[in-house]
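Hi everyone, thanks for coming. Please have a look at the model on the screen, and then I'll walk you through it.

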Amino acid sequence: MPEWMHVTDPVLDSGRHDEVNLVFGRGMGLDALAEGLRGVHREPLVTGEGNGWAWAVHDMLNAEIEDFDPVSYGPLSAGAEIVVFVTEPCSAKAHPPHFEYYRDGRLITWFSFEDLTQRPGDNPDHLSAELLAAKLIGPDAECEKADDSGHDCFDHHYDDHNRIVRAVAGFFSLPSPPLSAEVTAP
């Protein structure tokens, strides 16, 4: 998980919070974002506002009601924008983090941090220029040392994730960390 998305000891005493989503909403207030998340059975753990965005961190799942499905953010974004970082979709099964962007109730683009070439949505190329400039896609995206013996590209795997987060955060002018006392770098 990118270092600035790391959530330290959770706010709630009720259990583990290692699988969380970080949600940003623009065009809605913090109360509307929090209430919308509660409407999909996800209680915000921490919240805040900055740069015109409301934000919340919530558990990915709601085991109390046996809701293990991904959150549908489309309805939450009606009349607004939602940017989502799913930080650990399934740490036990090693699924990678992913990014989602919704506007006016529609999925604009989505991608896994492991495969930026597959970007479903109404406008899959919405962030292509930024991803290209960050050398995350395109001809300059390949590791220059991939063919060197003794080089393991996984050594910079998490640096690549951080570059993805920086490209997305820069494009949307998302608030910079620390978002609160509870959301910090490790």
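Let me start with a definition: helices (H or I, at least four residues) and strands (E, at least two) are DSSP runs, numbered from the N terminus. With that wording, Phe85 lies in strand 4, and we'll come back to that residue.

Some ground rules. This is a predicted model, where local features need pLDDT of at least 70 and side-chain atom pairs count only at pLDDT 80 or more, while totals for chains, interfaces and linings use all residues. Residues are numbered from 1 along each chain as its sequence is written, and side-chain values use heavy atoms, with hydrogens and water left out.

So what is the overall layout? The protein chain has three helices and six strands. Reading from the N terminus, the order is β-α-β-β-β-β-β-α-α.

How confident is the prediction? pLDDT is the predictor's confidence in each residue, from 0 to 100. Its mean over the protein chain is 81, and 74% of the residues reach 70 or more. Where pLDDT is low, the predicted coordinates should not be read in detail.

Now to the inside. I'll call a residue buried under 20% relative accessible area, exposed over 50%, and partly exposed in between (1.4 Å probe, protein chains only). Buried residues make up 44% of the 186 residues in the protein chain. Of the contacts with a separation of 6 or more, 58% are between residues 24 or more positions apart.

Let's look at strand 1 (20-26). How many of its residues are buried? Six of the seven, so to speak a mostly covered strand. Two strands pair if DSSP finds at least two bridges between them. Strand 1 pairs with strand 3 in the antiparallel sense over six bridges, and Val23 stands opposite Ala56 in strand 3. Strand 1 also pairs with strand 4, again antiparallel and over six bridges. There, Leu22 stands opposite Phe85 in strand 4.

That brings Phe85 back. Phe85 is buried, with a relative accessible area of 0%. Phe85 and Phe24 are 61 residues apart in sequence, yet their C-alpha atoms are 8.8 Å apart in space.

A nonpolar core is a set of buried Ala, Val, Leu, Ile, Met, Phe, Trp, Tyr and Cys residues joined through side-chain atoms within 4.5 Å. The largest one here has 27 residues, and those with the most contacts inside it are Val83, Phe85, Phe99, Val168 and Phe172. Strands 1 to 6 and helix 3 each supply at least two residues of this core. Helix 3 gives the most, with six residues. Leaving aside neighbours within four places in sequence, the contacts of Phe172 include Trp53, Val83, Phe99 and Leu127. A second, separate core of 16 residues includes Val71, Ala80, Val84 and Tyr102. In soluble globular proteins, nonpolar side chains tend to be buried together.

Finally, charges. A salt bridge is a side-chain nitrogen of Lys or Arg within 4 Å of a carboxyl oxygen of Asp or Glu. How many does the structure hold? Seven.

In one of them, Glu35 meets Arg38 at 3.5 Å, N to O. These two are three residues apart in helix 1 (residues 30-39), so about one helical turn separates them. Arg38 is partly exposed, at 36% relative accessibility.

Another joins Arg42 and Asp67 at 2.9 Å, N to O. Arg42 lies in the loop between helix 1 and strand 2 (44-50), and Asp67 in the loop between strand 3 (53-59) and strand 4 (81-86), so the pair ties together parts that are 25 residues apart in sequence. Both Arg42 and Asp67 are buried.

Then there is Asp122 with Arg106, at 2.4 Å, N to O. Asp122 sits in the loop between strand 6 (106-112) and helix 2 (128-133), while Arg106 is in strand 6, 16 residues away. Asp122 is partly exposed, with a relative accessible area of 45%. Lastly, salt bridges that share partners join Glu35, Arg38 and Glu43 into one network.

Key: Contact means heavy atoms within 4.5 Å.
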